[in-house]
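Subject: Handing over the structure

Hello,

Here is the structure I promised to pass on to you. Have a look at it first, and then read my notes below.

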Amino acid sequence: MSALAVDGGTPVRSTMLPYGRQSLDDDDLRAVLDVLRSDWLTTGPKVDEFERAFAQAVGANEAVAVSNGTAALHAAVHALGIGPGDEVVVPTMTFAASANAVLYEGGTPVFTDVDPKTLLINVARVTAKTKAIIAVDYAGQPCDYDALRAIGLPIIADASHALGGSDNGRPVGTLADLTTFSLHPVKHITTGEGGVITTNDAELATRMRRFRNHGISSDHRQREQQGSWFYEMVELGYNYRLTDFQCALGISQLRKLDERVQRRRAIAQRYDAAFRERSALTLLHTRPDVVHAYHLYPVLLNLEQLSAGRAEVFRALRAEGIGCNVHYIPVHLHPYYQQRFGTRGGMFPAAEDAYERMITLPMFASMSEQDVEDVIEAVGKVVTAYEARPVSCER
Ligand SMILES: *Cc1c(COP(=O)(O)O)cnc(C)c1O
């Protein structure tokens with residue numbers, strides 16, 4: 001058995017493989033340049049074009065482009081009219097933005113645990129104050145929206161991980177009242193920063209377009225076309241606009257969505273086959289009849305079989321050149337939430353247990369076959385080394 005790189009052995013890779021990375025081709029760059037040379041850098045024709053292309057890609061009536069995925073969540077929460085005194089159920093196993101968006105509008109996020117096998121939302125309880133549910137398609141797997149809808153509350157899907165996924169042939173983007181996406185470089189397609197909300201409700205879409213433009217009821221281009229200077233601000237909004245050159249990048253990137261998702265799914269299949277039989281690893285369960293879009297590939301370490309904790313395994317993998325990560329620290333454990341809402345360890349055992357044992361492995365469409373094999377080799381090498389060492393009582 002070769003020595004681990006953390007112990008001075010030769011690493012599996014000489015360069016660090018990141019956990020996620022964008023893919024940009026020449027036609028993407030050309031699309032951006034064309035717009036930079038045009039009259040409209042922002043709030044021009046590419047915004048509508050991108051929104052139409054995005055809506056079509058996910059089979060929704062409406063898509064609203066905003067400046068990032070967090071703004072998308074904020075706009076969705078606003079569109080539902082969430083405000084002070086309103087509670088919104090949010091799974092704790094997510095990125096902090098899913099819960100923060102509720103706070104921006106003065107609402108109260110009420111955390112809930114996740115199913116230990118899928119890490120998808122497990123709604124324990126709703127009350128008269130519960131006004132909505134934010135479900136997170138963790139890792140890229142769509143939640144069971146049929147079950148969530150049966151609760152009878154408006155649902156926002158935070159599908160930042162799940163663009164290109166589907167449930168029984170119904171695409172992510174149509175499964176909830178409002179579905180939000182992020183176009184950050186580690187996500188399936190990117191505009192640098194960017195976000196989109198999809199919905200079938202034209203009125204909600206109108207509200208969100210106004211919200212992203214200061215709460216003003218017409219935009220600059222509409223006024224130009226009408227030859228008018230007049231505008232009215234009818235509510236408090238923000239500047240959450242996405243530029244035309246970002247939208248041009250989005251249009252170009254969208255054309256590659258299907259192949260990107262296929263590639264991620266093929267990598268996941270290879271990982272599944274390599275790791276399924278390793279008793280020191282637990283893989284997450286995929287619900288039947290869903291197309292998992294695999295933004296992330298998390299594995300859970302069965303620590304009782306290993307002489308090292310998650311931190312050591314993490315460090316050992318990094319030393320081998322594998323840029324692993326952890327998604328996520330449960331949101332209720334962040335100091336801000338603990339101090340403001342009195343949340344603490346022990347409240348959500350499934351999410352906390354998963355967090356303690358989790359490592360997310362590199363997953364992005366432009367990974368080469370060799371990159372994938374390097375990850376498999378490094379995980380095998382590190383796990384085997386820690387299985388072989390006697391388990392000590394104090395870790
Ligand atoms: C990426 C992400 C966001 C936020 O998206 P940004 O574009 O970075 O603002 C929100 N929720 C989840 C689950 C995410 O993964």
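Ser 38 is partly exposed, with a relative accessible area of 35% (buried means under 20%, exposed over 50%, and partly exposed in between, with a 1.4 Å probe and protein chains only). Ser 38 sits in the loop between α1 and α2 (helices are DSSP runs of H or I with at least four residues, strands are runs of E with at least two, and both are numbered from the N terminus). The side chain of Ser 38 reaches the backbone oxygen of Val 35 at 2.8 Å, a polar contact (a pair of N or O atoms within 3.5 Å; within protein, one must be able to donate a hydrogen and the other to accept it, and residues adjacent in sequence count only if both atoms are side-chain atoms). Ser 38 and Asp 244 are 206 residues apart in sequence, yet their C-alpha atoms are 9.7 Å apart in space.

Before you go further, please keep in mind that this is a predicted model, where local features need pLDDT of at least 70, side-chain atom pairs count only at pLDDT 80 or more, and totals for chains, interfaces and linings use all residues. Residues are numbered from 1 along each chain as its sequence is written, and side-chain values use heavy atoms, with hydrogens and water left out.

Now to the ligand. Which residues are closest to the ligand? Of the 14 residues that surround the ligand, these are Gly 69, Thr 70, Asp 158, Ser 182 and Lys 187 (a residue is near if one of its heavy atoms lies within 4 Å). A ligand nitrogen is 2.8 Å from a side-chain N or O atom of Asp 158. Ligand oxygen atoms are 2.8 Å from such an atom in His 161 and 2.7 Å from one in Ser 182. The protein covers 92% of the 380 Å² of accessible area that the ligand has on its own (areas come from the Shrake-Rupley method with a 1.4 Å probe; for residues, only the protein chains shown count as cover). Helix α3 (residues 69-79) gives the most to this shell, with three residues.

Next, the salt bridges (a side-chain nitrogen of Lys or Arg within 4 Å of a carboxyl oxygen of Asp or Glu). The whole structure holds 19 of them. In one, between Arg 13 and Asp 371, the closest N and O atoms are 2.8 Å apart. Arg 13 lies in the segment before α1 and Asp 371 in helix α13 (residues 369-388), so the pair ties together parts 358 residues apart in sequence. Arg 13 is buried, at 13% relative accessible area, and Asp 371 also counts as buried at 13%. Arg 270 and Glu 373 form another salt bridge, with the closest N and O atoms 2.8 Å apart. Because Arg 270 lies in helix α9 (residues 257-275) and Glu 373 in helix α13, this pair links parts 103 residues apart in sequence. Arg 270 is partly exposed at 33%, and Glu 373 is partly exposed at 28%.

Finally, some backbone details. A cis peptide bond joins His 327 and Tyr 328, with omega about 15°. Leu 119 has a positive phi of about 65° although it is not a glycine; Leu 119 is buried, with a relative accessible area of 1%.

Enjoy exploring!

Best wishes
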